[in-house]
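Please walk through this structure from its overall make-up down to single residues.

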Amino acid sequence: MKNVEKTFQISVACLAIVVVFIGLYTQSLNKMIVTYFIGILGILGVFLPDWESFDQSVSHWGTPFKVDEFTAESCRSLRFRFYPVRMAIFTILYGFGLYKWWMFISTQ
């Protein structure tokens, strides 16, 4: 669990650096605030989901699972599994978000 906390702290620190850079580049408090909130939503989109539920095929996301299916031992051994449809969904969502953010930041 400590590894997740450390990664979260590093992500938020990197976001702070990006927000300061955007503030210096655009001289706009509004764009700094939008960048901060978009960044926090992006970070939380990675850290908050119930990965035990989403770490399976997309076709099973809507079906409930039993609590005893995920024991403490199986949760410790969980790794990120590559599912092409899941990666396509994440890529589309995050790509669209980054595109909209960039269009907002790049307009003076």
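Predicted model: local features only at pLDDT ≥ 70, side-chain atom pairs only at ≥ 80, totals over all residues.

Residues are numbered from 1 along each chain as its sequence is written, and side-chain values use heavy atoms, with hydrogens and water left out.

The protein has 5 helices and 0 strands, where helices (H or I, at least four residues) and strands (E, at least two) are DSSP runs numbered from the N terminus. Along the sequence the pattern is α-α-α-α-α. The accessible surface, from the Shrake-Rupley method with a 1.4 Å probe and, for residues, only the protein chains shown as cover, is about 8,300 Å², and 71% of it belongs to carbon and sulfur atoms. Of the 108 residues, 17% count as buried; buried means under 20% relative accessible area, exposed over 50%, and partly exposed in between (1.4 Å probe, protein chains only). Among contacts (heavy atoms within 4.5 Å) with a separation of 6 or more, 69% join residues 24 or more positions apart.

An unreviewed UniProt entry places the feature "transmembrane region" at residues 7-26, 32-51 and 83-102; such annotations may be inferred rather than shown by experiment, and the positions are given in the numbering used here, with feature names shortened. Residues 7-26 are 100% helix and 0% strand, with end C-alpha atoms 28 Å apart. Residues 83-102 are 95% helix and 0% strand, with end C-alpha atoms 28 Å apart.

Helix H5 covers residues 84-106 and gives the most to a nonpolar patch, with 4 residues. That surface patch, about 430 Å², is made by Val46, Val85, Ile89, Leu93 and Tyr94. Patch residues have over 30% relative accessible area and no salt bridge, with like charges joined within 9 Å and nonpolar side chains (Val, Leu, Ile, Met, Phe, Trp, Tyr) within 5 Å; a salt bridge is a side-chain nitrogen of Lys or Arg within 4 Å of a carboxyl oxygen of Asp or Glu. Leu93, in H5, counts as exposed because its relative accessibility is 57%. In the same helix H5, Arg86, Trp101 and Ile105 are buried.

Thr35 lies in helix H2 (residues 29-47) and counts as buried because its relative accessible area is 3%. Leaving aside neighbours within four places in sequence, Thr35 contacts Leu15, Val18, Val19, Ile22, Trp101 and Ile105.
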